[in-house]
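Q: I'm new to this one and would like a walk through it. Can we go piece by piece?

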Amino acid sequence: MFNITAIPAFEDNYIWAIHHDNQAVVVDPGDAMPVLAFLAARNLTLNAILCTHRHHDHIGGIAQLRAVYNVPVYGRRHEKNPHITDDLREGAQLRLDAFNLTFNIMEIPGHLDDHLAFYAGSTTPPILFCGDVLFGAGCGRSFEGTVAQLHHSLQRLAALPVTTLAYCAHEYTASNLRFAAVCEPGNTAMQQRILSTAQLRAAHLPSVPFTLALELATNPFMRCTESEIIHVLQQRGLEDTSELAVFTALRKWRDKF
Ligand SMILES: [Zn+2]
C-alpha cells in the first residue's frame with residue numbers, strides 16, 4: 001500500500017509524491033524546496049526520483065534534492081538532461097520494492113522527444129504518471145517531434161484501462177475545459193466536469209488525478225472522431241476530417257485560444 005500526494009510547485013505544477021511508511025518517491029521535482037518541506041513535515045526519506053521529461057519545471061530541483069538524498073533518477077537519458085542516472089526505454093520495467101510497485105515504461109514523444117509515461121497496471125486502480133502529454137481535458141503542446149507523434153502517444157494512453165488514474169503535472173483542467181466546451185458544446189459529461197472542477201478548485205483541491213474514462217468522455221483531443229467536434233472545426237474551415245487532421249486542427253486552435 002502507498003499514498004500519492006500532490007506537492008504544489010510554481011504557479012500550477014504538481015510534483016507527485018508516492019509514499020509509504022517513511023519512504024517516498026517523487027515525480028518531476030521542478031523545485032526542491034517544497035519537496036524538502038513535504039519530506040520533513042511527514043518524516044519521510046527520499047527513495048528515488050522519477051522524471052517524465054527534461055523541461056526545467058520538471059527537473060529544476062533534482063540537483064538540490066540529490067545533494068541531500070543521493071538517490072537514483074529514473075528517466076529517458078538526453079543530452080540536455082544531465083540528471084538521469086538510470087536510462088529507461090519503451091518496454092522497460094521499473095520496480096520500486098518499498099511500495100511493492102512496478103511501472104511499465106512507455107515512450108510518449110510529441111511534447112518533447114524524451115517524454116516517458118510511468119504506468120502501473122497491477123495496482124487497483126491502475127496508475128499513470130503522464131507528465132505534460134495528457135492533461136485534464138487537454139494535452140501538452142507539441143514542442144519537438146510531430147503532432148502525429150503527440151496524437152499517437154495520446155492514443156496509446158487512451159488504450160489503457162479506463163479505470164486508470166492519470167496524474168499529470170499541471171493544474172490546467174479548468175482552462176482546458178473552457179476550450180473543450182467550445183469544441184463540443186453539446187457534451188453533457190463535459191458540462192458536469194466543468195461544475196465538478198469548479199467545486200474542487202473553489203475548495204483549493206487538485207482536479208488531478210482523473211480517470212481515463214473521464215478523459216475519453218470529455219477530452220476533445222481523445223474525441224477526434226466525434227461528429228460535433230468535426231462539425232465545429234468544419235465551420236472554421238477544416239476540410240480533411242481524418243482523425244489526425246482533426247487532432248492537428250484542435251492543437252493549432254488550442255495554441256491560440
Ligand atoms: Zn513540459
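Q: Where does asparagine 43 sit?
A: Asparagine 43 is in the loop between helix H1 (32–41) and strand E4 (45–50). This is a predicted model, by the way.

Q: Buried or exposed, that asparagine 43?
A: Exposed, because asparagine 43 has 8 C-beta neighbours inside 10 Å, and the cut-off for exposed is 12 or fewer.

Q: And what's its phi?
A: Near 55° for asparagine 43, which is a positive value in a residue other than glycine. Most residues other than glycine have a negative phi.

Q: Which loop holds aspartate 21?
A: The loop between strand E2 (13–20) and strand E3 (23–27). Aspartate 21 also has a positive phi, about 50°, although it is not a glycine. Aspartate 21 is exposed, with 12 other C-beta atoms within 10 Å.

Q: OK, new topic: peptide bonds. Which bond is cis, with omega near -5°?
A: The one from threonine 124 to proline 125. Proline 125 lies in the loop between strand E9 (116–120) and strand E10 (127–131).

Q: And what kind of bond joins valine 208 and proline 209?
A: A cis peptide bond, with omega about 5°. Proline 209 is in the loop between H6 and strand E14 (210–211).

Q: Is isoleucine 59 buried or exposed?
A: Buried: 23 other C-beta atoms lie within 10 Å of isoleucine 59. Setting aside neighbours within four places in sequence, isoleucine 59 is in contact with Gly30, Cys51, Arg54, Asn81 and His83.

Q: Let's do helices. Which residues of H5 are buried?
A: In helix H5 (residues 173–183) they are Thr173, Asn176, Leu177, Ala180 and Cys183. They cover an arc of only 110° around the axis, so they lie on the same side of H5.

Q: Why would residues spaced like that line up?
A: An α-helix has 3.6 residues a turn, so residues three or four places apart point the same way.

Q: What's on the face of H5 turned away from its buried side?
A: The exposed residues Arg178 and Val182 are on that face of H5.

Q: And what covers the buried residues of H5?
A: Several elements, including strand E11 (134–135), strand E12 (138–139), helix H6 (188–202) and helix H7 (212–218).

Q: How do H5 and H6 pack?
A: At an angle of about 160°, with the axes of H5 and H6 10 Å apart. That makes H5 roughly antiparallel to H6. The H5 side of the contact is Thr173, Ala174, Leu177, Ala180 and Ala181, and residues on the H6 side include Met190, Ile194 and Ala198. By class, the residues of the H5 and H6 contact are seven nonpolar, two polar and two charged.

Q: What about H4 and H9, at what angle do they pack?
A: Helix H4 (residues 147–158) and H9 pack at about 105°, with their axes 10 Å apart. That makes H4 roughly perpendicular to H9. Val147, Ala148 and His151 of H4 meet Leu244, Phe247, Thr248 and Arg251 of H9.

Q: Last one: which residues of H8 are buried?
A: Ile229, Val232 and Leu233 of H8. Their arc around the axis is only 95°, which puts them on the same side of H8. Ser227 and Gln235 are exposed on the other side of H8. What covers the buried residues of H8 includes H5 and H9.

Definitions and conventions. Residues numbered from 1 in each chain as written. Predicted model: local features only at pLDDT ≥ 70, side-chain atom pairs only at ≥ 80, totals over all residues. Buried ≥ 20, exposed ≤ 12 C-beta atoms within 10 Å, placed from the backbone. Helix = DSSP H or I, 4+ residues; strand = E, 2+ residues; numbered from the N terminus. Arc of directions from axis to C-beta. Contact = placed C-beta atoms within 7 Å. Axes fitted to C-alpha atoms, helices over the stretch in contact; angles between N-to-C directions. Parallel < 35°, antiparallel > 145°, perpendicular 65-115°, else oblique. Nonpolar A, V, L, I, M, F, W, Y, C, P; charged D, E, K, R; others polar.
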